[in-house]
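Visitor: I would like to learn how to read a protein model. Please take me through it feature by feature.

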Amino acid sequence: MITLRNVQKSDLEELVVIENEGFTNEEAATREAFVERIKLITDTFIVAEKDGVIVGYINGPVIPQLYITDDLFEEIKENPNKGGYQSILGVAVSKKARNLGIARILINKMEQLVKENERQGITLTCKQELVLFYEKLGFVNHGISESQHGGVSWYNMIKQQENMD
């Protein structure tokens, strides 16, 4: 069984390992970025556990605009109580726990938070090979992002709140 909870400072080392399993060195969030996210956006940094072991996470700040910009990977601010778009800067599942539906469970949790906090929707960027995965979850492809993060082409994927069950 998968349990979800808000991130804690003591999760840092395990999160860095999972991040580096899921992203290249250029794409992966730094340890410093995780420290900042843990401090500032605990409310939208969700950890998935199986048998007491962290197997995945999802995180991102609430932003006023529809699309993610590269500066968010460098500096974030605390989330407002209501409104805005829930961004997802990272969703990753440990190699040993892939294909168990954990990413879907984490995204569903973010959708719940969007509804509870009257957000407009969820915005994320993904590589081309993940576009279909997100489309199956109800996201709409808004085309190639202006993001140059990690030197990769990213796609803007949006799910408006009214399209969440």
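Visitor: Are Asp11 and Arg5 buried or exposed?

Guide: Buried means under 20% relative accessible area, exposed over 50%, partly exposed in between (1.4 Å probe, protein chains only). Both Asp11 and Arg5 are buried. This is a predicted model: local features need pLDDT of at least 70, side-chain atom pairs count only at pLDDT 80 or more, and totals for chains, interfaces and linings use all residues. Residues are numbered from 1 along each chain as its sequence is written, and side-chain values use heavy atoms, without hydrogens and water.

Visitor: What does Asp11 form with Arg5?

Guide: A salt bridge is a side-chain nitrogen of Lys or Arg within 4 Å of a carboxyl oxygen of Asp or Glu. Asp11 and Arg5 form one, with the closest N and O atoms 2.8 Å apart. By this rule the count comes to five salt bridges.

Visitor: Which parts does the pair of Lys159 and Glu111 tie together?

Guide: Helices (H or I, at least four residues) and strands (E, at least two) are DSSP runs, numbered from the N terminus. The side chains of Lys159 and Glu111 meet in a salt bridge at 2.7 Å, N to O. Lys159 lies in strand E9 and Glu111 in helix H3, so the pair ties together parts that are 48 residues apart in sequence. Lys159 counts as buried because its relative accessibility is 4%. Glu111, at 6%, also counts as buried. Salt bridges that share partners join Arg5, Asp11 and Glu49 into one network.

Visitor: How do I read a nonpolar core?

Guide: In soluble globular proteins, nonpolar side chains tend to be buried together. A nonpolar core is a set of buried Ala, Val, Leu, Ile, Met, Phe, Trp, Tyr and Cys residues joined through side-chain atoms within 4.5 Å. Here the largest has 25 residues, and Ile58, Tyr134, Phe139 and Met157 touch the most other members. H3 gives the largest share, seven residues. A second, separate core of 16 residues includes Leu15, Val16, Phe23 and Ile54.

Visitor: In what order do the five strands of the open sheet come?

Guide: Strands of a sheet pair through backbone hydrogen bonds, either parallel or antiparallel. Two strands pair if DSSP finds at least two bridges between them. The order is E4-E5-E7-E9-E8, with mixed pairing. The edge strands, E4 (62-63) and E8 (140-144), each pair on one side only.

Visitor: In which sense do E5 and E7 pair?

Guide: E5 (residues 85-88) and E7 pair in the parallel sense over four bridges. Take Gln86: its bridge partner in E7 is Ile122.
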